[in-house]
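Here is a short briefing on helix packing and charged pairs in one protein model. Look at the structure first, then work through the points.

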Amino acid sequence: MEDWNSWDDNGDAPLLTSDIKREFPFDLLSNQTKNLIDFEMDGYENILGQLRATFRSGKTKDLKYRKKQLEALLRLYEENREEIINALAADLRRPRQEAIVFEIDVMTNELLGLINNLDEYAAPIKPDKGVANMFDKVTILKEPFGVVLVIGAWNYPLQLLLVPVAGAIAAGNCVVLKPSEISVHCSRFIAETFPKYLDSDAYQVISGGIEETTSLLKHQFDYIFYTGSNRVGQIVHAAANKYLTPTTLELGGKSPCYIDDTVDLNRAAKRILWGKNSNVGQTCIAPDYIICTKEIEKKFIEESRNVIKEWYGDDVQQSPDYGRIATDGNFKRLVTFMNCGTIALGGKFDASDRFIEPTILTDVSHDDPVMREEIFGPILPIVNIHDIHDAIDFINARDKPLSLYIFTSNNKDRDLIIDSTSAGAVCVNDTVVHFVCNLPFGGVGASGMGAYHGKYNFDTFTHEKGCLEKSMDYVSEKLSDARYPPYTDNKASYLSFMMKKRKFWKIPFFSHILAFAFGAAAAYYLKKYYFN
């Protein structure tokens, strides 16, 4: 097994030596590790057995119970506000404002949305009925999957774990929470605090690193939600495939940022640099690289120079508003990117402090490491193009990004880029802020699968179960008895007529009116021909 400090491409999580096989082969582990995993397997089986028993009891399906648990989670945020801020500062040197805005406020508002709308989200859906089912009850029921596993990430160690956990609770599931072992203080905070507020019979926190995650993924879950890198996401997905477990993978990728000459470059620079340098670039939806003409590049660099000085002063390292790289592994990886192209702005770093100055690179090659890997740091390369068509070709030649940023005042060009490319989400004339809108948040292709946030957070952890309840009365039976043998051409034609999909006017209670009309006609027919 590799050293616990080994990292994947994004410094996202330590990996096994055998991770290239996209699985966790038991025979490659040391005897000591095997014994540990044997012990954990037994312990985890007991935990999962308790959660399954709780779920089978129906306890978590009760809407009052779900609301009570969500309200308890809200109290956890409110009563431990300073502890949360301190834990984030200890792990990431996260400035207080970023801790509040990017973690506490996001978690709180997502939770309030679930609490306030839970009755509506959980209500059965009554879809349109065709002629063949006019006397029947057709319903789509919302049911939880069961016992779900949520694996968090270190870069936003509370928000990226607890937001999906809230969705799983709201949907009525039992949950295993696996915080990132990299964010030590936040992981400890969750492990110690979560059981004080929420029902341990339904929700369990499991801490640890490689061995613990390996052991967990050997068990069967009803749903797995993972946030992290593409490489580890493939491992999680491979483990889920053994049981055909559905998954949501919130991954990352290289999110491009297109700029043209129709926008105010000072405002554009502020919005791009804020999205890039918040959490010192350790954000999955941070703008990863800029696409623009050479002329815009020069103007953007000068605007950026002024903005960085305005925000952080003459010495960025001394600013209380600028964080640090989380790990030595990610720091070393980022420093190697400084050898790509030309440093046009910034470039200073301090290994003893894991500090990297906001840096802009020009003259980068398309094949440079900084253009092949997700950067996950405060380094921003610029790629030059001749026109918008070059930009579209460049984006489409690469994996589909998690986010696509477009800075333009030209509506025609905006629509052309949106229509000609594919991305998890698009944000026009700003960066990152689409994350807090009531939009589905998730990737496509290599940047992930599935989405959450708002109603989509509830929907992710919910199975929509179709339910047809047939009427057993005489009229209903007569309308459908043509399906029985002996078969005839007339019966087949009748059944085709009854089952044909039709577009009805959206008239309130139309199906009821239609059913009444058919019932009245049937009653008239029966009275006239059978009872006279």
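The points below cover a helix pair and then several salt bridges.

This is a predicted model, in which local features need pLDDT of at least 70 and side-chain atom pairs count only at pLDDT 80 or more, while totals for chains, interfaces and linings use all residues. Residues are numbered from 1 along each chain as its sequence is written, and side-chain values use heavy atoms, leaving out hydrogens and water.

**Helix packing**

- Helix 2 spans residues 63-79 and helix 5 spans residues 159-170. Helices are DSSP runs of H or I with at least four residues, strands are runs of E with at least two, and both are numbered from the N terminus.
- The two helices pack at an angle of about 160°, with axes 9 Å apart. Axes are lines fitted to C-alpha atoms, for helices over the stretch in contact, and angles run from 0 to 180 degrees between N-to-C directions.
- Helix 2 and helix 5 are therefore roughly antiparallel (angles over 145 degrees count as such).
- Helix 2 brings R66, Q69, L70, L73 and Y77 to the contact, and helix 5 brings L162, A166, I169 and A170. Contact means heavy atoms within 4.5 Å.
- Seven of these contact residues are nonpolar, one is polar and one is charged. Ala, Val, Leu, Ile, Met, Phe, Trp, Tyr, Cys and Pro count as nonpolar, Asp, Glu, Lys and Arg as charged, and the others, Gly among them, as polar.

**A salt bridge between loops**

- The structure holds 23 salt bridges. In each, a side-chain nitrogen of Lys or Arg is within 4 Å of a carboxyl oxygen of Asp or Glu.
- K470 and D136 form one of them, at 2.9 Å from N to O.
- K470 lies in the loop between strand 17 and helix 16, and D136 in the loop between helix 4 and strand 1, so the pair ties together parts 334 residues apart in sequence.
- K470 is partly exposed at 35% relative accessible area, whereas D136 is buried at 3%. Buried means under 20%, exposed over 50% and partly exposed in between, with a 1.4 Å probe and protein chains only.

**Salt bridges within helices**

- K294 pairs with E297, with the closest N and O atoms 3.0 Å apart. They sit three residues apart in helix 10, about one helical turn.
- K294 is partly exposed at 37%, but E297 is buried at 3%.
- K455 pairs with D459 at 2.7 Å. These two are four residues apart in helix 15, also about one helical turn.

**A network**

- K59, D199 and D201 are linked by salt bridges into a network.

How values were computed: Parallel < 35°, antiparallel > 145°, perpendicular 65-115°, else oblique.
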